[in-house]
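Notebook open, structure loaded. I want to look up a few contacts, some helix packing and whatever pocket turns up.

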Amino acid sequence: MRLALNVLNYQAIWLLCVLGGNRMAWLGLVLIGAHLLWSHQRRSDLILIVIWAGGGMVLDGVLKLLGLFSFRGDAFPIPLWLIVIWMALATLPNHSLGWLQRKPLWAALLGAIGGPLAYWAGVRLDAATFHWPLLPTLVTLMAVWGIVTPLMMQTSVLLTRR
């Protein structure tokens, strides 16, 4: 049940932020707070949230500077709503994606598929714009997320080691 709640919470935050931008980012933060209230790994989740909020700002900020994409309500380095999505993503490794923690190849594969699809969905919902042709953009995002997802899982493993 908790795993399903974790996934639903993330999806709700993603939709709120993609559709509502900065206007709805506060509600995403409330939902992240709710996650922390029911989490049995509150400390680890909070550290992951801080690490990946910063990591997401750097990663998406660099990709934006390289001209790969831009975002609705753009800010430097990225808009608040996108930082909130990164924070929400960081709630998954200890919970619904916990099964990937010690499976780096599966994490890379899932990241290489899911990451680009999430950005493309954001583009289709007018939250972002790709500035490179579609195929090179998706291949770049596949490579990035094929690395980022196993790193996120490994970070979770290191934080939860007792």
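I started with Ser70 and asked which residues it touches, leaving out those up to four places away in sequence. I got Ala128, Thr129 and His131 for Ser70. This is a predicted model, so I read all of this as prediction. Ser70 itself is found in strand E1, residues 69-71. I also checked Ser70 against Ile85: they are 15 residues apart in sequence, and their C-alpha atoms are 16 Å apart in space.

Next entry: helix pairs. I noted that two packed helices are described by the angle between their axes and the distance between the axes.

I took H2 (residues 22-38) and H3 to begin with. They pack at about 150°, and I read 8 Å between their axes. An angle over 145 degrees counts as roughly antiparallel, so that is what H2 is to H3. I logged the crossing of H2 and H3 as right-handed. Which residues meet there? On the H2 side I listed Ile32, His35, Leu36 and Leu37, and on the H3 side Arg42, Asp45, Leu46 and Ile49. Sorted by class, this contact of H2 with H3 has 5 nonpolar residues, 1 polar and 2 charged.

Then I turned to H3 (residues 42-65) with H6 (residues 134-160). Their packing angle is about 160°, and their axes lie 11 Å apart. H3 and H6 are therefore roughly antiparallel to each other as well. Their crossing is right-handed. From H3, I wrote down Ser44, Ile47, Leu48, Ile51, Trp52, Leu59 and Leu63 as the residues making the contact. From H6, I have Leu141, Val144, Val148, Leu151, Met152, Thr155, Ser156, Leu159 and Thr160. How many charged residues does the contact of H3 with H6 have? I found no charged ones, with 12 nonpolar and 4 polar.

I looked up the largest pocket and got about 590 Å³. Its lining has 28 residues, and I marked Tyr10, Leu89, Gly114, Gly115 and Ala118 as the ones that lie nearest the centre. The elements giving two or more residues to this lining are H1 (2-20), H4 (80-89), H5 (104-124) and H6. Which element gives the largest share of the lining? I have H5 down for that, with 7 residues.

Methods:
Residues numbered from 1 in each chain as written. Predicted model: local features only at pLDDT ≥ 70, side-chain atom pairs only at ≥ 80, totals over all residues. Heavy atoms only, no water. Axes fitted to C-alpha atoms, helices over the stretch in contact; angles between N-to-C directions. Helix = DSSP H or I, 4+ residues; strand = E, 2+ residues; numbered from the N terminus. Parallel < 35°, antiparallel > 145°, perpendicular 65-115°, else oblique. Left-handed = near helix turned anticlockwise from the far one by under 90°. Contact = heavy atoms within 4.5 Å. Nonpolar A, V, L, I, M, F, W, Y, C, P; charged D, E, K, R; others polar. 1 Å grid on protein atoms, 1.4 Å probe; cavity = no way out; pocket = protein on both sides within 12 Å on 5 of 7 lines; lining within 4 Å. Points joined across faces, edges and corners; volume = space filled by probe spheres on them.
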